[in-house]
Each structure stands twice: as structure tokens, then as C-alpha cells.
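Reader: I'm new to this one. Could you show it to me and let me ask how you know what you say about it?

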Amino acid sequence: MKTVRVLVVGCGNMGASHATAYHHSPDFEICGLVSPGKSKETLNNKIGGKYPLFNEYSAALAETKPDAVCISTYPDTHEAYAIEAMEAGCHVFIEKPIADSLAGAIRVAEVAKKTGKKLVVGYILRHHPSWIKFIEVAKEMGKPLVMRMNLNQQSHGYMWDVHRNLMNSLSPIVDCGVHYIDVMCQMTRSKPLRVSAIGARMTEDIPAGNYNYGQLQIHFEDGSVGWYEAGWGPMISQTAYFVKDVFGPKGSVSIVAQNASGEGKSDSVESHTKTESLRVHHADINSENEFTRADEWINLTDEPDHQGLCDREQAYFLHAIQADVDLTDHVEDAVNSLRIAFACDESVRTGKMVVL
């Protein structure tokens, strides 16, 4: 198999992790690092200092003629960058969301279909053995399911800069929410019918019309319901900010992350993927209404770290290219979760329930 030459666009948190995965893989060859600022120099030094550096994406694409492009820039560039790459003959790995609008995401999906190029969206939890197990156990709890999830981040320092930049184009419940909406859809494999959501703008540091705290609710055809909340900013409470909990008629399964729930870690990317343990509760009771089975603990302390998960994502991308994997369902799921997230965003802005 020939080496896949990849252009890395965006050299911040996720871009650096993906570049590190490419750097250590014998099957990938980085042909350039692209960013408008200093992050590319920092990343280049970190991974050996030998890669060509570019300030501007189109020029880098034309000069390097890569086989693949990795896009980890801010969401308002995703659509244009992905389409330009695929039309230039490149496969694309793109961080979620595919675009900063539903129409844009549909356009990207259509270009992938038209060009026949592989489009892999960075839904990191799909490659996480613990989250795969979480979904598997949730499916054993019967229907309907009640799904309760959040990720509130008391962001400060560098991460507050990152979050403010993200909120120039998206709200937290769209940017983060697509992960957990995708998880809910995998757990139920049922059609979402309607959504409602609330939000609050808690700082003048973000654009008028956007909000840095939001909570969404989804109603599914099978009777399942789910909520997700996300808040970003130095004012966000760290009490009960990490909730990943599902229950059905037969019992419940919860992610218990003692380390990730520790003080001062709510905006740590590393801690977001650390599940540590699953607690499985069985609803079976006897004639005295006492439980007949003790709770089970599934220990997950040996799970991959954030870099390990990015390595798995890129292994999946490589396999999709080399084995010509049909990614139709993968792309449709990514567009669908974004459709639901934007419907929630509409509900915040209109104050009304949105029928899907």
C-alpha cells in the first residue's frame, strides 16, 4: 500500500493530535502544516521540525497536491475547505461539525458522493471502547430510554480564547452537542420526532444573538427521551458538570469518572474522554420490592488516552481509504446529528418546540 500524503490544516488542540497520529504512522506522510498564526511552528517543533509550513490553505493545497486533507480549523471554514479538498481529488478527515449550517453540511456530503472521495467526520466517541460499551449496555435496558448527559466547562485561560472563537459561529449545544446527540441516536436507533431547548447569554464577550449556556431535549419515536446541556466560560459551575447516565425499564448504566470530575478539570480535553468506570444497575426486585442483584462495576481505567483515541480515528480514516469503505451511513449520521442540533438551536432562538 502506498503512503497517504496528508495536508494538516489547523494546528491547535485537535489538529496537533491528528498530526501527531500521522507523524507516528508509517502509512501516512505529512506534506504540510497550515495555520495563519504561530501554532504551526509550535506543532512542527513538537513533532520533529521537518515539515513544510503554510499560512494559507488554498496555496498549500495547490503546492503540495496531497492525497488527503485533515481539517481541524474553526467551524466557519469547514464547508469551503472540505469541498475545495474533495474537488481537488483529496480524501478528507474533518473535525465535527461538518459545517456551520445544515445546508452547508448537506453540500459537503453531496460533494463527497459526487467525487467518490472518503469523508470521515471526527466523532471521537465512536472510536472509544468505553463509550462503545456504554452504548451496548444502554441497549440492554429496554425501551423507552431516558438519557441524561452534559459537559459544562469552566473555561479560562487558553480554553476561554478557544471557546470565544468557536462562539463566533456556533453555540455550545451545537458544537459539543452533536457528539451526544449521535450517542443518543445510536442508543435508541429510533427516529427523533421533536426537540426543545433553552439557552442564556451570560457574558458580553460573545457575539450578540449567541449564548454560552444551553440545554436541549429530544423526543424519539419509540418513547425515549434525552437531554444534553453544555456551558462554556469562567462563570460556569463545576458542580455536576459531568453527567453521562441512561436508564430504561430494566435498569441503568452510568459513566463514573472520578478523575474527570475533579476540581479544575472541566475544560481539560484529556478529561472529557476519560470514562474510568461504568456502573450498571439492575431494576429486578423481589416480592418485598428489594433488589435481587447488586450493581456491577465495569472497570475502564486502562482505556486509551486522548492521543490514543486520535490514533484510532486516523487508523479508521486510513482503512476507509485503503479498503474503499462505503461511508454513506457514517456521513448521513453526521448530517443527521447536526440537523437535530441546529433544530435545538432554533428552539433556543424562537422559544418554541421544533418538529423534525
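This is a predicted model: local features need pLDDT of at least 70, side-chain atom pairs count only at pLDDT 80 or more; totals for chains, interfaces and linings use all residues.

Reader: What makes E14 and E15 edge strands?

Author: Start with the sheet: it is open, has 9 strands with mixed pairing, and runs E14-E13-E12-E11-E7-E10-E9-E8-E15. Strands here are DSSP runs of E, at least two residues long, while helices are H or I runs of at least four, both numbered from the N terminus. Strand E14 (296–300) and strand E15 (354–355) each pair on one side only, and that puts them at the edges.

Reader: How do you know that E9 and E10 pair?

Author: Two strands pair if DSSP finds at least two bridges between them. E9 (residues 213–220) and E10 (residues 225–231) have 7 bridges, in the antiparallel sense, so they count as paired. In that pairing, Gly214 stands opposite Ala230 in E10.

Reader: What makes you say that helix H12 packs on the sheet?

Author: Helix H12 (residues 328–350) touches strand E8 (192–200), E9 and E15, where contact means heavy atoms within 4.5 Å. The direction of H12 makes about 50° with that of E8; such angles run from 0 to 180 degrees between N-to-C directions, with axes fitted to C-alpha atoms, for helices over the stretch in contact. Helix H9 (residues 177–188) lies across E7, E9, E10 and E11, and runs at about 160° to E7.

Reader: Why is Lys65 called exposed?

Author: Exposed means over 50% relative accessible area, buried under 20%, and partly exposed in between (1.4 Å probe, protein chains only). Lys65 has 62% relative accessibility, so it counts as exposed. Lys65 sits in the loop between helix H3 (57–64) and strand E4 (68–71).

Reader: And why is Asn289 called exposed?

Author: The relative accessible area of Asn289 is 57%, so Asn289 is exposed too.

Reader: What makes the phi values of these residues worth a look?

Author: Most residues other than glycine have a negative phi. Phi of Lys65 is near 45°, and Asn289 has a positive phi of about 65°.

Key: Residues are numbered from 1 along each chain as its sequence is written. Side-chain values use heavy atoms; hydrogens and water are left out.
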